[in-house]
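Please look through the structure shown here before reading on.

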4 protein chains.
Amino acid sequence: MLQDTFERVLPGTRKSTKRHILQCALECFLETGLESTTIDTIRQRSDTSVGTIYHHFGNKEGLVAALFFTALDDHKAVMWPELERASTPKTVIEGLVHSYIHWVTGQPELARFMFLARASVATGPFGEELAARNREQYSFLHKWLAEGVKVGDIRSLPKETYPSLLFGQAENYCRAWLSGRVPTPPSDHASVFAESAWRSLAQTK
Amino acid sequence: MLQDTFERVLPGTRKSTKRHILQCALECFLETGLESTTIDTIRQRSDTSVGTIYHHFGNKEGLVAALFFTALDDHKAVMWPELERASTPKTVIEGLVHSYIHWVTGQPELARFMFLARASVATGPFGEELAARNREQYSFLHKWLAEGVKVGDIRSLPKETYPSLLFGQAENYCRAWLSGRVPTPPSDHASVFAESAWRSLAQTK
Amino acid sequence: MLQDTFERVLPGTRKSTKRHILQCALECFLETGLESTTIDTIRQRSDTSVGTIYHHFGNKEGLVAALFFTALDDHKAVMWPELERASTPKTVIEGLVHSYIHWVTGQPELARFMFLARASVATGPFGEELAARNREQYSFLHKWLAEGVKVGDIRSLPKETYPSLLFGQAENYCRAWLSGRVPTPPSDHASVFAESAWRSLAQTK
Amino acid sequence: MLQDTFERVLPGTRKSTKRHILQCALECFLETGLESTTIDTIRQRSDTSVGTIYHHFGNKEGLVAALFFTALDDHKAVMWPELERASTPKTVIEGLVHSYIHWVTGQPELARFMFLARASVATGPFGEELAARNREQYSFLHKWLAEGVKVGDIRSLPKETYPSLLFGQAENYCRAWLSGRVPTPPSDHASVFAESAWRSLAQTK
DNA sequence: GATGAATGAGCATTCATTCAT
DNA sequence: CATGAATGAATGCTCATTCAT
């Protein structure tokens with residue numbers, strides 16, 4: 001299953017070598033952590049050479065970033081459509097939480113890697129790119145919410161609290177599941193988190 | 001202000017040297033990260049010698065753990081009393097969120113350090129100690145919630161989702177604030193998160 | 001101007017690719033040094049491929065040697081004729097110094113490269129070829145000087161000191177100019193060095 | 001003999017380890033060249049550890065610089081006194097050349113190393129320090145020469161040509177000797193170079 | 001001729017840790 | 001208690017060179 005992650009995620013990437021290294025690196029990072037994984041570990045697992053790794057990714061940071069943005073793209077592709085589904089506010093809000101949980105449950109490796117690598121990527125040379133993508137992603141959400149506030153469906157709250165109210169609970173549980181602190185997959189509780197998000201955001205008349 | 005953190009937190013520690021090293025190490029870890037901070041960096045900042053550092057903390061992991069459990073103790077001392085305050089369920093739930101946010105806002109360095117070091121401590125030789133403390137801490141909470149469920153104040157939900165529902169939103173925002181992604185301190189939005197937590201957990205009759 | 005160096009120096013080289021690589025390699029070596037210049041740097045600047053570079057020059061050492069001997073040929077072509085000009089000893093000696101300075105001033109890139117690469121070439125597999133060329137070049141000079149000594153025009157001195165007495169001062173200044181330690185081009189002081197060389201070598205009756 | 005170089009040159013250096021590493025590094029650099037000598041080569045020869053080498057010198061560049069400035073100090077200590085010897089201009093000029101040759105002949109290892117490392121040091125982070133020392137050193141010489149010009153003993157020439165006229169010939173021969181191109185030590189020809197320098201600089205009435 | 005992916009030995013440097021003083 | 005010289009395994013990365021296409 002893990003073997004196929006990048007065939008699905010990066011179907012355009014013909015170069016099997018590059019994709020293969022990404023796959024192996026992901027496994028190494030998840031097993032051993034970002035800093036503890038050495039280039040040589042990845043080389044052994046992927047059965048290539050350090051030269052090849054550097055040829056394709058420049059350096060370790062570049063490899064991490066390539067992996068991270070691949071995950072981000074995949075995450076985004078699952079999340080976006082939800083906002084555009086014409087439906088009631090409740091359905092959209094709950095749909096967003098469901099989508100988030102669906103992605104994490106479907107791609108636990110990529111999800112864990114994103115939690116693992118976010119701080120590192122944000123600090124490194126690709127930090128600005130990451131920040132830009134985040135801004136772009138949330139601007140859509142904020143536009144949708146602003147509309148909901150105007151119509152009287154959504155509570156009027158400080159803008160910066162919305163993402164936390166919407167995803168905070170689900171994310172917290174996903175972290176716990178991904179790190180093994182709780183055994184039950186978030187998908188089993190998706191409705192709980194979806195409903196709580198709606199309770200948190202809904203304007204009660 | 002930062003200078004006094006450990007005088008308040010570790011009033012018993014007479015040895016100014018040890019406390020001084022802890023303070024300097026905290027600053028280094030926050031500025032440079034756990035792995036990137038070297039013993040020599042801490043030595044320079046604290047103007048001692050590597051020998052002294054090893055004398056007091058055994059090794060780098062021990063230094064991190066000392067710092068982490070100091071923070072955990074402080075955090076716990078602020079959080080616990082809340083559960084014991086006799087009051088309405090709503091007040092207790094909201095009080096817990098307020099306490100959490102109060103601590104993070106009052107000890108941002110320690111809070112950031114806890115987010116920074118948790119994974120490392122959990123994996124290392126002090127992992128079991130950390131897990132035990134967590135179990136102990138949450139068992140009180142779960143007992144209190146079970147009571148609320150029985151009485152009909154609290155929604156009956158999977159036990160493992162409660163912590164996420166209670167703290168997830170506040171924690172998510174605190175992370176964002178501590179990492180600089182949002183500028184407004186969580187204390188400014190404490191009521192929002194407190195109320196949302198209550199909405200998420202309250203049994204609506 | 002630099003663009004044309006090899007069109008003048010290597011007019012026979014039809015293959016513009018080869019000449020282009022030589023030109024780019026020269027620029028790289030001068031800017032970054034012999035060892036610090038990598039094949040990949042040259043590849044980037046010349047917009048070719050490593051394969052092409054290796055196809056034409058065998059290896060890095062071969063590229064350096066090709067450049068060096070090109071410079072040596074050019075240098076020789078300017079210097080030789082001077083010895084054959086029928087004239088007074090003074091004119092010949094001064095002419096040699098003038099020629100040397102004229103070449104360095106006219107081909108500062110090649111001259112700098114010769115100073116840069118001589119040690120490397122002398123140690124490498126082309127060392128013997130270089131030594132042979134040097135012997136050949138100086139044998140003419142020594143023959144001419146021996147004649148001058150016999151006739152009583154030139155001081156009788158240890159044979160091995162003549163090259164140093166003749167070119168040492170000019171060379172020292174040229175090095176200083178090429179490395180930027182002095183701003184005035186050697187051509188401005190050519191007569192000073194020419195006259196001093198003659199003073200050093202002339203038999204005072 | 002080589003063993004004692006640094007006991008004479010750095011008598012104040014008590015730390016035998018540091019001095020020992022300097023000595024071994026000098027030998028390695030002379031045998032193998034600056035770039036081709038690896039830290040590990042020096043470690044093997046000095047029978048210490050890489051950690052110790054880095055502890056004392058920071059990095060390879062620092063080791064080269066330490067060696068270079070040690071040589072420069074020694075060179076300076078031999079050259080300076082000559083200018084202060086009250087004597088005829090001819091004696092001073094010839095004395096300077098003799099001193100130069102005497103130092104090179106007496107410290108061939110240090111002399112070779114200076115030729116080897118100068119370019120590297122000049123380009124690196126210690127370049128400005130080197131330039132400053134050179135300026136200081138030559139300012140004395142230029143003052144002395146200016147006096148000689150005023151009195152009518154020394155030819156009036158462009159200031160920047162004097163060092164080349166004075167030392168160029170000797171230096172050129174020393175380079176040839178140190179690199180093995182000529183077998184006879186410069187000391188055997190010291191008078192030739194001293195006299196030629198005087199001929200080059202003397203004002204002929 | 002031209003290309004560039006692949007190779008892997010080799011290198012400078014880092015850093016936690018030890019221990020004699 | 002304090003010091004800091006010494007250690008050496010480990011690591012990220014470089015780069016000349018090869019070779020299949």
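1. A phosphate oxygen of DNA strand F lies 3.3 Å from a polar side-chain atom of D:Ser49. A base oxygen of DNA strand F is 3.5 Å from a polar backbone atom of B:Gly51. Helix α4 (50–57) of chain A, and α4 (50–57) of chains B, C and D, are the elements that give two or more residues to the surface near DNA strand F; helices here are DSSP runs (H or I, at least four residues), numbered from the N terminus.

2. This is a predicted model, in which local features need pLDDT of at least 70 and side-chain atom pairs count only at pLDDT 80 or more, while totals for chains, interfaces and linings use all residues. Residues are numbered from 1 along each chain as its sequence is written, chains are lettered from A and ligands numbered from 1 in the order in which they are written, and side-chain values use heavy atoms, with hydrogens and water left out.

3. How many residues surround DNA strand F? There are 31, and the closest are C:Ile39, C:Tyr54, D:Gly51, D:His55 and D:His56. A residue is near the strand if one of its heavy atoms lies within 4 Å of it.

4. Chain D and chain C are in contact (heavy atoms within 4.5 Å) through 26 residues of each. Two salt bridges cross this interface, where a salt bridge is a side-chain nitrogen of Lys or Arg within 4 Å of a carboxyl oxygen of Asp or Glu. One of them joins D:Glu195 and C:Arg155, at 2.9 Å from N to O. On the side of chain D that touches chain C, α9 (162–178) and α10 (190–201) of chain D each give two or more residues. The largest share, eight residues, comes from α9(D).

5. Is B:Leu178 buried or exposed? B:Leu178 has a relative accessible area of 12%, so it counts as buried (under 20%; exposed is over 50%, partly exposed in between; 1.4 Å probe, protein chains only). B:Leu178 sits in helix α9 (residues 162–178) of chain B and touches B:Val104, B:Pro108, B:Ala111, B:Arg112 and B:Phe115, not counting residues up to four places away in sequence.

Technical notes: Polar contact = N/O pair within 3.5 Å; in protein donor to acceptor, adjacent residues only side chain to side chain.
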